[in-house]
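Biologist: Please pick one part of this model and go through it closely. I would like to know what it is made of and what it packs against.

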Amino acid sequence: MLSALFGVLIAICPTLMAAKVLISEKVVDYHTSYGKLKRATVLKFITNLLGFALVFTCYKSVNPLALFISYIFALSGYWTNFIIPIKTK
């Protein structure tokens, strides 16, 4: 059960951190917004790696199957929520 919870947290927390970087201030310039996108993507990637490393090192009885399945379901869940409103318009 904790493995699944960790999988969901590893999926959601880095995404929220990246979103905070992206919407931190209003930017009109293309280069500035592209730089923010690159920073947010790198932050999300590093936070995902650290999350998985932290879970595997600190939580010895982790169930990798539950961790990765819940991670994939959480990612697909919020991507599906982004796509569905676009199709209905």
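This is a predicted model: local features need pLDDT of at least 70, side-chain atom pairs count only at pLDDT 80 or more; totals for chains, interfaces and linings use all residues.

**Helix H2**

Modeller: The buried residues of H2 are Gly35, Lys36, Ala40, Thr47, Asn48, Gly51, Phe52 and Val55 (buried is under 20% relative accessible area, exposed over 50%, partly exposed in between, with a 1.4 Å probe on protein chains only). Residues are numbered from 1 along each chain as its sequence is written, and side-chain values use heavy atoms, without hydrogens and water.

Within the protein chain, H2 has the highest confidence, a mean of 92, and H3 the lowest, 81. H2 has 29 residues and spans 41 Å from first to last C-alpha, close to the expected 42 Å (1.5 Å times one less than the number of residues). Helices are DSSP runs of H or I, at least four residues, numbered from the N terminus.

Phe52 and Val55 also belong to the largest nonpolar core, which has ten residues (buried Ala, Val, Leu, Ile, Met, Phe, Trp, Tyr and Cys joined through side-chain atoms within 4.5 Å). Helices H1, H2 and H3 each supply at least two of its residues, and H3 gives the largest share, five.

The ring centres of Phe52 and Tyr71 are 5.0 Å apart and their planes stand at 70°, so the pair is edge-to-face (rings of Phe, Tyr and Trp, its six-membered ring, pair with centres within 6.5 Å; planes under 30 degrees apart are stacked, over 60 edge-to-face, the rest tilted). Phe52 in H2 and Tyr71 in H3 are 19 residues apart in the chain, and both are buried.

Key:
pLDDT is the predictor's confidence in each residue, from 0 to 100.
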